[in-house]
Amino acid sequence: MMRSLDEVFNNANRFEDTLRAAHVKVAYLRMSGNFVSEAFAYGFQVLEQLGESFPAAPDNGIVVQEMLGTKQLVTGSLNESKLRSLPEMTDSTKKEAMAFLEEMLRCSYQIQSIHLPLLACRMVRISLQYGLTKSSCV
């Protein structure tokens with residue numbers, strides 16, 4: 001499996017050409033059991049290339065700050081009807097980021113990482129700014 005994925009990565013002309021294989025790699029590593037941490041690290045590398053950075057070792061203060069900021073966005077002027085009327089996401093880079101964020105939530109849960117609330121908050125923020133995808137958690 002990994003040999004086939006490496007072939008895709010080595011022969012790709014653009015980063016975008018590797019994204020499907022990168023999804024498969026993260027999911028494969030995560031489901032292999034012993035490689036969840038590797039999947040987690042690789043997923044963050046891909047997210048970085050998609051414009052979504054995260055601190056390597058966030059502390060509780062960063063997590064609380066992110067959660068409070070997201071809570072303010074959601075409880076401010078938003079209501080259920082506004083959330084339901086959010087448009088469909090059209091930005092292809094953000095769509096890819098959302099799909100990776102969703103997979104990273106699974107990894108984060110499996111390894112009990114402090115990143116889990118940061119990932120979820122980022123998904124909410126992206127959805128509110130760029131629209132909804134099947135990965136949206138709002």
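Helix α7 has 16 residues and reaches 22 Å from its first C-alpha to its last, close to the 22 Å expected at 1.5 Å a residue. The expected span is 1.5 Å times one less than the number of residues. Helices here are DSSP runs (H or I, at least four residues), numbered from the N terminus. The model is predicted: local features need pLDDT of at least 70, side-chain atom pairs count only at pLDDT 80 or more, and totals for chains, interfaces and linings use all residues. Residues are numbered from 1 along each chain as its sequence is written, and side-chain values use heavy atoms, with hydrogens and water left out.

The buried residues of α7 are His115, Leu118, Leu119, Cys121, Arg122, Met123, Val124, Ile126 and Ser127. Buried means under 20% relative accessible area, exposed over 50%, and partly exposed in between (1.4 Å probe, protein chains only). The cover over these α7 residues includes α3, α4 (60-75) and α6.

Gln112 lies in the loop between α6 and α7 (115-130). Gln112 has a positive phi of about 55 degrees, although it is not a glycine. Most residues other than glycine have a negative phi. At 74% relative accessibility, Gln112 counts as exposed.

Helix α2 has 13 residues, which should span 18 Å at 1.5 Å a residue; its end C-alpha atoms are 18 Å apart, in agreement. Buried in α2 are Leu19, Ala21, Ala22, Lys25, Val26, Ala27, Leu29 and Arg30. Their cover includes α1, α3 (36-49) and α6 (92-110).

Helix α1 (residues 2-11) packs with α2 (residues 19-31) at an angle of about 155 degrees, the axes being 10 Å apart. Axes are lines fitted to C-alpha atoms over the stretch in contact, and angles run from 0 to 180 degrees between N-to-C directions. The two helices are therefore roughly antiparallel, a term for angles over 145 degrees. The contact (heavy atoms within 4.5 Å) is made by Met2, Leu5, Val8 and Phe9 of α1 and by Ala21, Ala22, Val24, Lys25, Tyr28 and Leu29 of α2.

Lys25 lies in helix α2. At 13% relative accessibility, Lys25 counts as buried. Not counting residues up to four places away in sequence, Lys25 touches Met2, Leu5, Phe9 and Tyr42.

Notes
Parallel < 35°, antiparallel > 145°, perpendicular 65-115°, else oblique.
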